[in-house]
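Please read it with the structure open.

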Amino acid sequence: MTPQNFDYIIIGGGLAGLQLALSFSEDPFFKDKQIAIIDPSSKNTNDKTWCFWEQGAGKWDSIITKSWETGRFITPDKNIKLALQPYSYKMLKSLNFYNYAKSNLELNSNFSFILDEIKTLNEEIGIAIGKSSSYKASHFFDSRITSNYLEDTHSTKIFQHFKGYEIEVETPFFDSSEFTMMDFRLKFKDSTSFTYVLPISSTKALVEYTFFTPFLVEESIYNEYLQTYLENILKIKDYRITETEKGVIPMTDHPFHKESTANLTKIGTAGSWVKGSTGYSFKHTEKKVAALINNLKQGNALEHNLLNNRSRFYDAIFLDVLANRNDMGEQLFTDFYSKNKPQDILKYLDEETGIKEEVKIMWSLYHPQFIKSFFRKLF
Ligand SMILES: Cc1cc2nc3c(=O)[nH]c(=O)nc-3n(C[C@H](O)[C@H](O)[C@H](O)COP(=O)(O)OP(=O)(O)OC[C@H]3O[C@@H](n4cnc5c(N)ncnc54)[C@H](O)[C@@H]3O)c2cc1C
């Protein structure tokens, strides 16, 4: 079969693939490029809820479900109000994002959506072979995780894993002007585990039980902890579950991006775009896509300015601490949120701080375990 020809092929039309495609479509520089987005899924279910923060108005405001300017950080003996302005914390349902991306991209005749699963890729000769057909391109942007990161003994690996219930109650209960970033009042043994609450209205909220741990748990544990949190901590007796969400996000310093080559750029999780210490990637993806587009236009190496090595090192140390002393999570996050201003925290997590600001944040978390982890990660 003769392969179909494109200039660029984006393998995977998820978060990174669609953000990249949208940015190509918005830039006249790429109007003559033939671009394919190949994914086995037609992306017509709401498979995740993305939250991210940004200052002021943003690119996705027309499709967000809700935004908050105030958060809470809660432990058995602390309840810290996080006044985020000028930042706001925004919630976006993935289905709204997929529909928005598809309807915008379909207006451009140079974009093709192809339902196929890529099985082999030889970027040197520019050929990708899928289950149904084969495809030629001069450059591939690939969101498949092809490296076996679980077998990399040099990197630290923990998992952010969670289950969420979107619930509805009859009588108004939630204060929809505040979300709960982390509530440590209900922990699984002595692990780093907490509840995250996103009130959409006074009668509707997404409540997620979350772990940052080296282990995964049975489904029944999430259900038990969600029910206990709702009934014993929030004291809601009658609620209706309208949707559920589950996920596992790798929290690791594994260098996924090292699989990129001259004709292949790994993107998204597969390009190390998920921040190791938090599991967040939505906003990072927007910035990485902008850097990639700029590199293409300027003729720079595509990896130029894409990853921040200093931040990757801090993340690696933090992950090593959590991997070795998972019981320290509650104390570490309490120090993080009680000793720093929310704006400084968000700027740090956005990797926009200078060394002085970073030292201040590090110092607020100080524990001898960090010294051990620092040296372990240095060599
Ligand atoms: C449930 C969940 C909730 C999350 N919530 C947040 C959040 O609130 N905030 C945040 O910042 N981050 C969040 N994340 C982390 C991160 O933003 C997401 O995982 C994000 O989707 C990663 O983007 P991606 O493009 O790498 O992967 P994906 O969005 O998963 O896209 C990868 C695409 O590749 C396709 N694909 C796979 N194999 C092939 C193949 N062989 N050929 C062709 N296509 C293929 C898949 O079908 C998929 O569509 C969440 C993750 C999960 C799992």
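Two strands pair if DSSP finds at least two bridges between them. Helices (H or I, at least four residues) and strands (E, at least two) are DSSP runs, numbered from the N terminus. This is a predicted model: local features need pLDDT of at least 70, side-chain atom pairs count only at pLDDT 80 or more, and totals for chains, interfaces and linings use all residues. Residues are numbered from 1 along each chain as its sequence is written.

**Sheets**

In S17, threonine 210 is the bridge partner of phenylalanine 162. The strands involved are S14 (residues 157–168) and S17 (residues 204–213), which pair in the antiparallel sense over 10 bridges. They belong to an open sheet of 7 strands, ordered S7-S6-S15-S16-S17-S14-S18, with mixed pairing. S7 (78–83) and S18 (240–252) stand at the edges, each with a single partner strand, so one side of each is left without a neighbour in the sheet. The twist averages 20 degrees from one strand to the next. Angles run from 0 to 180 degrees between N-to-C directions, and axes are lines fitted to C-alpha atoms, for helices over the stretch in contact. Two residues are in contact if their C-beta atoms, placed from the backbone, lie within 7 Å.

A second open sheet has 3 strands in the order S4-S8-S5, with antiparallel pairing. Here S4 and S5 (66–68) stand at the edges, each with a single partner strand, so one side of each lacks a neighbour in the sheet. Neighbouring strands of this sheet are turned by 25 degrees against each other on average, direction ignored. S5 and S8 (residues 87–93) run antiparallel, joined by 3 bridges. Lysine 66 stands opposite methionine 91 in S8.

**Helices**

The axes of H1 and H2 come within 10 Å and cross at roughly 35 degrees. The crossing is left-handed (the near helix is turned anticlockwise from the far one by less than a right angle; clockwise would be right-handed). Leu18, Ala21, Leu22 and Ser25 in H1 meet Tyr98, Ala101, Asn104 and Leu105 in H2.

H4 (residues 282–298) has 17 residues; at 1.5 Å a residue it should span 24 Å, and its end C-alpha atoms are 25 Å apart, which agrees. The expected span is 1.5 Å times one less than the number of residues. Glycine 299 follows H4, with a positive phi near 75 degrees.

A residue is buried if 20 or more other C-beta atoms lie within 10 Å of its own, exposed if 12 or fewer, and partly exposed in between, with C-beta atoms placed from the backbone. Buried residues in H4 include Phe282, His284, Val289 and Leu292. Their cover includes H1 (15–26), S4 (49–55) and S19 (264–266).

**Core and a buried loop residue**

The largest nonpolar core has 87 residues, and those with the most contacts inside it are Ile9, Ile10, Leu20, Ala21 and Val207. Such a core is a set of buried Ala, Val, Leu, Ile, Met, Phe, Trp, Tyr and Cys residues joined through C-beta atoms within 7 Å. Leaving aside neighbours within four places in sequence, leucine 20 is in contact with Ile10, Phe141, Ile267, Val289 and Leu292.

Serine 143 is in the loop between S13 (139–142) and S14. Is it buried or exposed? Serine 143 counts as buried, because it has 22 C-beta neighbours inside 10 Å.
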